[in-house]
Amino acid sequence: MSLPTQNTHSDHSNLMAARELTLIVAATNKMGIGLAGTLPWIGLKKELSYFARVTKRAGPGTINAVVMGRKTWESIPPRFRPLKDRLNVVISSGSTDAEFTISNMETALDFLGSKLVQRKAFVIGGGQMYKASLEHKEAKRILLTRVLGDFECDTFFPIELNEDGTADGWLRKSKQELDEWVGETVPEGIQEENETKYVFEMWERTDSAEAI
Ligand SMILES: NC(=O)c1ccc[n+]([C@@H]2O[C@H](COP(=O)([O-])OP(=O)(O)OC[C@H]3O[C@@H](n4cnc5c(N)ncnc54)[C@H](OP(=O)(O)O)[C@@H]3O)[C@@H](O)[C@H]2O)c1
């Protein structure tokens, strides 16, 4: 299904306020996230299952949304898409084979706000999509998997979230706050799979009081 811009963007008064957005990303310390249309690393199965658990976990009778750029949609092997048990929303100026294709971020925010059964909205990539969503104050939180290896990348996350916990306009939250928000006890400290080390983190905008 493709939603023309004018259908959902024209009358804000009839729509719920857009939900807050949580970006979920795995990035190196240099904020590298992709290479040649795919992930720069292989074999992080537990990391992928964390992504699946967190994005799927919703209250009874509700479902979470995953919002992605067209290239990320196409990078998901056809047998795995749409990502199951989640409302898949693809952003593209053209058409795709996804159930919901929306032409821009503003319309997507209206659309997400209008879905009464939808609980959390995750932006799941890629680089262009993260950049477009961070321009909106609704993008309030980042679930970062900090990949500690030095992988070759050609696609990058648009802001720097430093290992020492500093970042412009963003603050790293505690492990307890991460656990509470995702709804599970997240593995603590350095994880390792296939000789790749990584850490689960959560960041929030420091001006989050202004975000919806
Ligand atoms: N490490 C991670 O956590 C992670 C997560 C996801 C993806 N990735 C990687 O990231 C890479 C893909 O990222 P990418 O930046 O190349 O592509 P992308 O953001 O996935 O998709 C870009 C496409 O999305 C559409 N789009 C994005 N922003 C838009 C906007 N504001 N308005 C309208 N359309 C918009 C456009 O589609 P049209 O051209 O059709 O108009 C654009 O060409 C891959 O390597 C992937 O594996 C990594």
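Author: Strands S4 and S7 (residues 118-123) run parallel and are joined by four bridges. Please bear in mind that this is a predicted model.

Reader: Which residue in S7 is the bridge partner of Ala-65?

Author: The partner of Ala-65 is Ala-121.

Reader: And how many bridges join S4 to S5?

Author: Six bridges join S4 to strand S5 (residues 86-91), and these two strands are also parallel. Val-67 has Val-89 of S5 as its bridge partner.

Reader: Is S4 largely enclosed or open?

Author: S4 is largely enclosed by the rest of the structure, because six of its seven residues are buried.

Reader: How many helices and strands does the protein have?

Author: The protein has six helices and 12 strands. Of its 212 residues, 37% count as buried. Among contacts with a separation of 6 or more, 75% are between residues 24 or more positions apart.

Reader: What is Val-123 in contact with, leaving aside its neighbours within four places in sequence?

Author: Val-123 is in contact with Leu-21, Leu-23, Val-67, Met-129, Tyr-130, Ser-133 and Ala-139.

Reader: Where does Leu-21 lie, then?

Author: Leu-21 lies in strand S2. Leu-21 counts as buried because it has 26 C-beta neighbours inside 10 Å, and the cut-off for a buried residue is 20 or more.

Reader: What does Leu-21 touch, not counting residues up to four places away in sequence?

Author: Leu-21 touches Ala-121, Val-123, Ser-133, Glu-138, Ala-139 and Lys-140. As for Glu-138, its C-alpha atom is separated from that of Leu-21 by 5.4 Å, although the two residues are 117 residues apart along the chain.

Reader: Which residues of H5 are buried?

Author: The buried residues of H5 are Gly-127, Met-129, Tyr-130, Ser-133 and Leu-134.

Reader: Why are they on the same side of H5?

Author: They lie on the same side of H5 because they cover an arc of only 165° around the axis. In general, an α-helix has 3.6 residues a turn, so residues three or four places apart point the same way.

Reader: Is the peptide bond from Gly-125 to Gly-126 cis or trans?

Author: That bond is cis, with omega near 0°. Gly-126 is in the loop between S7 and H5.

Reader: Which residue does a cis peptide bond join to Arg-81?

Author: The cis peptide bond joins Arg-81 to Pro-82, and omega is about 0°. Pro-82 is found in the loop between H3 and S5. As background, most residues other than glycine have a negative phi, and most peptide bonds are trans.

Reader: What is the phi of Asp-85?

Author: Phi of Asp-85 is near 65°, a positive value in a residue other than glycine. Asp-85 lies in the loop between H3 and S5. Asp-85 is exposed, with 12 other C-beta atoms within 10 Å.

Reader: And is Ala-36 buried or exposed?

Author: Ala-36 counts as exposed, because it has 11 C-beta neighbours inside 10 Å. Ala-36 is in the loop between S3 and H2, and its phi is positive, about 50°, although it is not a glycine.

Definitions and conventions. Residues numbered from 1 in each chain as written. Predicted model: local features only at pLDDT ≥ 70, side-chain atom pairs only at ≥ 80, totals over all residues. Contact = placed C-beta atoms within 7 Å. Arc of directions from axis to C-beta. Pairing = 2+ DSSP bridges.
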